[in-house]
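Take a look at the model below.

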Protein chains: 2
Amino acid sequence: MTSTLGFAILAVLARGERTGYDIATAMRRPIAFFWTARHSQIHAELQKLLAAGFVGYEARQGPGPQGKKVYHVTAEGSLALREWVTEPPRERPERDELVLKTYASWVAGPAEIRQMFADQLAAHEARLAEYEREGELIGKPPGFGDPRFGNYAALRCGIGYERHRAEWCRWMIDQLSESLNPSWEAAKPSEP
Amino acid sequence: MTSTLGFAILAVLARGERTGYDIATAMRRPIAFFWTARHSQIHAELQKLLAAGFVGYEARQGPGPQGKKVYHVTAEGSLALREWVTEPPRERPERDELVLKTYASWVAGPAEIRQMFADQLAAHEARLAEYEREGELIGKPPGFGDPRFGNYAALRCGIGYERHRAEWCRWMIDQLSESLNPSWEAAKPSEP
DNA sequence: CGCCACTATGTCACAACTGACATAGTGGCG
DNA sequence: CGCCACTATGTCAGTTGTGACATAGTGGCG
């Protein structure tokens with residue numbers, strides 16, 4: 001019934017009451033690593049959660065034509081979240097444009113592909129440094145039962161992911177460098 | 001103009017002519033790691049590629065009410081693919097249900113979460129073994145310019161991914177085991 | 001000869017998601 | 001006082017993707 005986005009919202013609200021805008025902000029910054037949504041989608045989903053009785057809200061004065069609405073999880077919502085959390089995740093298809101490009105990369109020139117991977121590597125290293133800095137701020141992992149455990153565990157996953165990605169980029173760059181050096185060039189037919 | 005799925009199809013067809021069914025099969029088995037699509041979507045996308053002049057087909061006799069259509073990439077399609085391949089990939093949002101569940105895991109019991117991760121670990125280890133077996137079949141990496149280079153590079157990424165995932169699962173299980181041992185249980189209020 | 005699995009193409013309703021547009025209050029800067 | 005950035009909610013058209021339904025030829029097994 002409730003979509004995954006609905007549970008993502010419940011997971012945010014379980015940490016404390018929030019406006020739709022706050023949820024959208026959370027989806028941009030710390031949660032963006034594993035789930036994202038635009039505010040347009042969030043407002044629509046909040047209507048569904050409201051209809052299902054999983055969230056409630058309190059209208060307060062604030063900016064915008066309609067003031068602000070501070071949402072909170074209801075007892076039913078909390079129960080639904082708890083049940084969903086322990087259900088095995090359904091296999092979502094990975095959709096990775098970079099790997100797809102790599103799969104088709106043989107149609108292009110190695111130098112261009114190499115440049116693309118150099119850029120990707122830089123991006124991954126930057127994000128890795130950012131995550132590691134964030135991890136150091138937390139220090140040692142919070143205990144299970146603390147909401148921050150969720151944040152820390154997700155961050156840990158993110159760090160592992162960036163490391164794996166960076167390593168793969170480096171391997172690709174190595175492979176492509178081999179294709180670019182003279183001994184390899186001489187072995188294939190080229191312009192005289 | 002052309003969607004990413006369109007390029008995924010072109011990437012498959014660049015390896016040789018295929019029917020829509022063949023493309024769907026390819027999307028289930030080797031490409032599924034980084035892109036998936038149902039046959040319904042593939043047939044629709046092929047119509048768009050046809051209209052764009054990126055693919056052509058040859059009608060042949062075969063099963064089904066309409067016979068079979070063997071598709072191939074045109075010169076324009078080949079050029080479009082070559083251009084797309086070297087464009088920097090746009091950041092696609094990662095949508096990872098397991099990490100989302102982990103983010104919300106503190107609302108549930110550690111034992112249940114631990115079980116979920118044990119199952120995930122088993123799945124990742126199985127897939128890793130499968131990929132590694134496949135990698136051994138190929139042997140040493142094909143040179144750039146060979147279509148099999150794309151397959152090998154993607155497989156290499158898959159192996160790295162499964163290793164990273166398995167490692168993260170193991171870390172989570174360790175963390176949860178700590179939460180489950182008596183010294184930790186004694187420190188929190190529980191039933192007498 | 002009937003049944004099933006596989007090959008093969010297609011439609012359709014629906015759900016999920018995106019990007020642009022629309023509206024409006026608050027607080028800070030020059 | 002005007003302008004801008006930020007907070008805040010919402011609509012809407014359009015694209016992408018899913019799952020079910022529909023149709024039909026071939027080859028193998030019992």
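In which loop of chain A does A:Gly67 lie? A:Gly67 sits in the loop between β1 (55-60) and β2 (68-73) of chain A. Helices here are DSSP runs of H or I with at least four residues, strands are E runs of at least two, and both are numbered from the N terminus. A:Gly67 is partly exposed, at a relative accessible area of 29%. Buried means under 20% relative accessible area, exposed over 50%, and partly exposed in between, with a 1.4 Å probe and protein chains only. Not counting residues up to four places away in sequence, A:Gly67 touches A:Arg60 and A:Gly62. Contact means heavy atoms within 4.5 Å.

This is a predicted model: local features need pLDDT of at least 70, side-chain atom pairs count only at pLDDT 80 or more, and totals for chains, interfaces and linings use all residues. Residues are numbered from 1 along each chain as its sequence is written, chains are lettered from A and ligands numbered from 1 in the order in which they are written, and side-chain values use heavy atoms, with hydrogens and water left out.

Now step back to the whole of chain A. The chain has 8 helices and 2 strands. From the N terminus on, the order is α-α-α-β-β-α-α-α-α-α. The radius of gyration is 23 Å, well over the 16 Å that the globule rule gives for 192 residues, so chain A is more spread out than a compact globule. That radius is taken over C-alpha atoms, and the rule is 2.2 Å times the number of residues to the power 0.38. Along the principal axes, the C-alpha atoms fill a box of roughly 75 × 40 × 35 Å. Buried residues make up 44% of the 192 residues in chain A. Among contacts in chain A with a separation of 6 or more, 59% join residues 24 or more positions apart.

A:Phe117 gives a view of the interior. It lies in helix α6 (residues 110-138) of chain A. Its relative accessible area is 0%, so A:Phe117 is buried. Beyond residues up to four places away in sequence, A:Phe117 touches A:Leu98, A:Thr102, A:Trp168, A:Cys169, A:Met172, A:Ile173 and A:Leu176. A:Phe117 and A:Trp168 are 51 residues apart along the chain, yet their C-alpha atoms are separated by 9.4 Å.

Turn to chain B. B:Glu162 is found in helix α7 (residues 147-180). Is B:Glu162 buried or exposed? With a relative accessible area of 1%, B:Glu162 is buried. Leaving aside neighbours within four places in sequence, B:Glu162 is in contact with B:His124, B:Arg127, B:Leu128 and B:Tyr131.

Two loop residues of chain B follow. B:Thr19 is in the loop between α1 (4-13) and α2 (20-28). It counts as buried, because its relative accessibility is 12%. B:Gly64 lies in the loop between β1 (55-60) and β2 (68-73) of chain B. At 52% relative accessibility, B:Gly64 counts as exposed.

Last comes the contact between the chains. It takes 70 residues from chain B and 69 residues from chain A. The area buried between them is about 6800 Å², of which carbon and sulfur atoms give 69%. B:Tyr103, B:Trp106 and B:Phe144 supply 14% of the area that chain B buries against chain A, more than any other three residues. Buried area is the accessible area (1.4 Å probe) that two parts lose on being put together, summed over both.
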